[in-house]
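Here is a short report for a first look at this protein. It covers the domains and one interface between them.

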Amino acid sequence: MEKGRVTIPSESNFLEETKRLMALWGADAIRDSDGTKLDDELKQIGAKIYTTYFVARGHNDFAEKHLEEVQQAFLLSERVTATKEGVVIPFLNGYLAEQLQPNYREDPKAWWEVYDRTTGELVPAEDWEVDQEQHLVTLKAWHPYHEYTVSFLASMVWDPTQMYNHITNDWGDKPHEIPFDVRQPESQAFMSSFLTNWLAENPDTDVIRFTTFFYHFTLFFNDQRKEKFVDWFGYGSTVSVRALKEFAKEYGYQLRAEDFVDEGYYNSTFRVPSKAYLDYIDFVQRFVAKEAKKLVAIVHEAGREAMMFLGDNWIGTEPYGPHFHEIGIDAVVGSVGNGTTLRMISEIPHVKYTEGRFLPYFFPDVFYEGNDPTIEAKENWLTARRALLRKPVDRIGYGGYLSLASQFPEFVAYIGEVTEEFRELYDRIHEVKPYTGLKVGILNAWGKLRSWQTHMVAHALWYQQIYSYLGVLESLSGQKIEVAFLNFDDVRDGVPADIDVLVNVGDAGTAFSGGKNWQDAKLIATLTEWVASGGGLVGVGEPTAYLANGRYFQLANVLGVDKELGFSLSTDKYFKEEVSEHFITAHSQPADFGEMQKNIYALSADTKILRYLDGSVQLATHDFYEGRGVYFSGLPYSPENAQIFLRALFYAAGKEAELNKWYAENPDVEVHAYPAKRQYAIVNNTDQEQVSVIYTENHSYTVTLAAGAIEWRDYDE
């Protein structure tokens, strides 16, 4: 067996079993995890040593002496309805005191805000008082039966990830790690000096695995120790009075509490970002890049590699942002939950190598008596593998307690198969560009900044309301499509010349559909002209949605459908008949449309309806001058839906004749071609035998594939 490109976790007093599993899995690196340590014996077994390093947590000896420099956040109280007698707001209700405490060091009158949420008006500071003993805000002037909230500055005294792991693993009396803010003077000096000393004291560490740098994604817990608010993209934990003052000096305007609590939405990634929020995240990214660069330089001066974990304290590093390259990091590692997260990691620029941490994590919530972790491992690998075949990560690995995983022999054997297959796959294609038939632009408010991150929740988790949209990226992650991520400014003056199809996906009002961007007549005219001139537009859910000028979908004329909101019920809608055959559904029917939109109707007989369910159009196409529009009401990921989406993209681009090139009729089978090597792979994405007609560059044939198999063939075979 070949060896290399695999990282496994280990722990103290586990030397012999670590050696056995390293040999079985061909691992060349070992790492610690949250809650484990590598002892000296492990560090001498000839493997590359990764050591987890926390910049702004895990240093309680320092943090407890500088509680004035802990990380902070603006929090919003529960809404309280005023009565004629008055209104008192217990603003800590629903929050966990172990994690969050009011910051009374800074003057509440200067930084806190009380809002009348019924009118949307700010209550003057002189009209409320704070009881710092009882944690209450009392209003001195109010409107009876209006709702009121308090936006208050809170200190974060327990790191959210350590808290999650603490609860999950029942760590009992283990100290709560206090996160500190490196924007503060003492903390900034400490982080550099500690790292320098730590490197000297840990000569056996080859790779410093920063987890990550300074600011955790927004994660607040409730008073039941359950997650209250979580946004993997959230900048809520980056706040400090110092940051606000520095921002005002640089940008010429002052941010307020409301800019962060955002009516209770906390600038969720689903919100169309305001100018103030975009300014602020760029401000934070520049600070993080500047300070992280200093730490990376210290690591390099010590002759070690610097790796960043894409999670936990990753806020401000934004690997697809304009400042990431300044950091000079050697590698990025992230958790692989599906094909989309694999591509999110593997496509990261400006690093020497990328690494994917596959699932399951070796924690007791999966590795317990009676459970079979192989099931999750197999699903994880087969799901991510199709994306690996488009753009592989350079390494794979696992995390957690190796002592747990070693107790499951079937799991151990399967991971051996996975690691061997990964090395073969990587050796074949890592420097070769796969064949692509189209270039597709994903259009939303975030664009390139959030490449491969639309509708995402950390580790590929999803919300009920969005799995119907996440299927778009999951489909694309393993298909013969080049993908670009565009924001509305990127297309306002014209669609880039190399784009064949634009895709707009999401619920109305969200950052992903576009919300108020669809007020812009110039944008609408530009995209309309582009499709009319031969471009393709695919909309999913409520694309281009903004109620104005008698339309809900502002490009309804292109898509051929609109949504009934109840205003035009008196206008009859006659077009409901499905077409009997169509290119898009020639090989399979949609598995389902997920949550699917209701009340979608065709505008005219020119709209070809491919699926009509429950009184609503679910899938339709529309010719628009020289171009085409395609509409899906939802698109959860499934092999059938992925194939139909691929066919829809080629149809929208007017390139149907080019689909049957490196293509499989069976949706459970895919073909990946590598022109520079004149080789192609036929892949069975399931754990059952599959039969399919395969189309190559110039001929077709039928193949039978064993469960989970990959067959590599030369062009000339």
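UniProt annotations may be inferred rather than shown by experiment, and feature names are shortened. With that in mind, the unreviewed UniProt entry places the feature "domain: Lacto-N-biose phosphorylase-like N-terminal TIM barrel" at residues 4–436. The model itself is predicted.

| Domain | Residues |
|---|---|
| domain 1 | 58–183 + 229–303 |
| domain 2 | 438–658 |
| domain 3 | 663–714 |

Now to domain 2 and domain 3. Their centres, taken over C-alpha atoms, are 29 Å apart. On the domain 2 side, 9 residues are in contact with 8 residues of domain 3.

How much area do domain 2 and domain 3 bury between them? The value is about 730 Å². Carbon and sulfur atoms account for 49% of it. Three residues stand out on the domain 2 side: His587, Pro639 and Gln643. They supply 50% of the area that domain 2 buries against domain 3, more than any other three residues.

What about polar links? Across this interface, 5 residue pairs are in polar contact. The residues of domain 2 that touch domain 3 comprise 2 nonpolar, 4 polar and 3 charged. The count of salt bridges between domain 2 and domain 3 is 0.

Note on methods: Residues are numbered from 1 along each chain as its sequence is written. This is a predicted model: local features need pLDDT of at least 70, side-chain atom pairs count only at pLDDT 80 or more; totals for chains, interfaces and linings use all residues. Side-chain values use heavy atoms; hydrogens and water are left out. Domain bounds come from an automatic or database domain assignment. Contact means heavy atoms within 4.5 Å. Buried area is the accessible area (1.4 Å probe) that two parts lose on being put together, summed over both. A salt bridge is a side-chain nitrogen of Lys or Arg within 4 Å of a carboxyl oxygen of Asp or Glu. A polar contact is a pair of N or O atoms within 3.5 Å; within protein, one must be able to donate a hydrogen and the other to accept it, and residues adjacent in sequence count only if both atoms are side-chain atoms. Ala, Val, Leu, Ile, Met, Phe, Trp, Tyr, Cys and Pro count as nonpolar, Asp, Glu, Lys and Arg as charged, and the others, Gly among them, as polar.
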